[in-house]
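Please open the structure in your viewer and keep the selection tool at hand.

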Amino acid sequence: MSCRGLVLAAGRGSRMESLTELRPKCLVPIAGKRLIEWQRDALQAAGVSPVAAVGGYRSDLLTPFLPVPFVNERWAETNMVASLAVARDWMSATDVIVSYSDIAYAVEWVTRLIDAPPAPITIAFDRKWWDLWSLRFEDPLSDAETFRIDASGRLLEIGGKTEDSGAIEGQYMGLLRFSSEGWAAVEELLADLHDIPDRDRLDMTGMLSRLIARGVEIATVPVDGRWAEVDQRVDLEAYEAALLANEAKGTTWSHDWRG
């Protein structure tokens with residue numbers, strides 16, 4: 001199956017503090033490459049073509065790495081779904097692999113999304129999430145969100161808060177596949193959200209939850225580690241330390257996305 005690739009890179013990433021004062025978060029380096037380079041290279045290695053970005057904050061700095069045919073001019077006032085919506089011409093035409101711009105992941109996980117059975121929307125989720133969250137947070141449940149699927153892998157619940165680890169069968173990664181049918185369901189949802197502030201605040205897991213409530217099928221693809229999310233400066237420091245420590249021991253970190 002042929003897929004286009006779209007990296008959502010409109011935001012600044014203010015929680016990265018001075019690291020994003022003059023550049024978007026996706027241009028912050030980790031393990032020898034900028035985040036956007038890890039995303040671009042993984043998508044292209046999996047056969048995704050073309051690959052482009054939705055820009056916003058300092059979108060001019062993205063063009064050496066990816067074409068930026070779409071710009072969310074209201075990036076500071078809106079959430080990720082609004083950035084996705086500015087690329088509706090792409091989203092409505094064919095299958096699109098959508099990637100957050102603050103993650104790095106193994107090529108294999110992109111391939112799994114591409115090869116998954118047809119569905120309106122398919123998302124990747126990490127079954128080894130506890131390893132990654134334990135590295136990032138003193139209390140992993142303080143940040144983790146609910147994630148439940150049925151026996152066929154269809155998504156039942158996502159994005160809620162819980163103190164029950166049993167309600168968390170994995171963690172959503174920020175890597176998805178939309179079909180044109182799936183995008184049509186998103187467009188219908190957005191058209192029904194007449195309150196503009198509500199639309200502006202809608203994040204991806206909130207959108208997925210609303211689609212589930214409407215009966216839209218959201219399929220899932222399980223992965224086991226080999227990806228990372230960069231939300232704060234301490235994430236960068238923790239990942240670099242984990243990579244170096246495992247290299248020194250001749251072992252492999254469970255979430256090493258490289259190679």
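Begin by selecting helix H6, which has 13 residues and reaches 19 Å from its first C-alpha to its last, close to the 18 Å expected at 1.5 Å a residue; the expected span is 1.5 Å times one less than the number of residues. Helices (H or I, at least four residues) and strands (E, at least two) are DSSP runs, numbered from the N terminus. This is a predicted model, in which local features need pLDDT of at least 70, side-chain atom pairs count only at pLDDT 80 or more, and totals for chains, interfaces and linings use all residues. Residues are numbered from 1 along each chain as its sequence is written, and side-chain values use heavy atoms, with hydrogens and water left out.

Next, within H6, select the buried residues Gly 182, Trp 183, Ala 185, Val 186, Leu 189 and Leu 190. Buried means under 20% relative accessible area, exposed over 50%, and partly exposed in between (1.4 Å probe, protein chains only). Viewed down the axis of H6, these residues fall within an arc of 155°, so they line one face of the helix; the arc is that of the directions from the helix axis to the C-beta atoms.

Finally, select Arg 226, in the loop between strand S12 (218-223) and strand S13 (227-229). Arg 226 is partly exposed, with a relative accessible area of 23%. Among the residues that Arg 226 touches are Tyr 105, Glu 108, Trp 109 and Asp 256.

Notes:
Contact = heavy atoms within 4.5 Å. Lists of a residue's contacts leave out its neighbours within four places in sequence.
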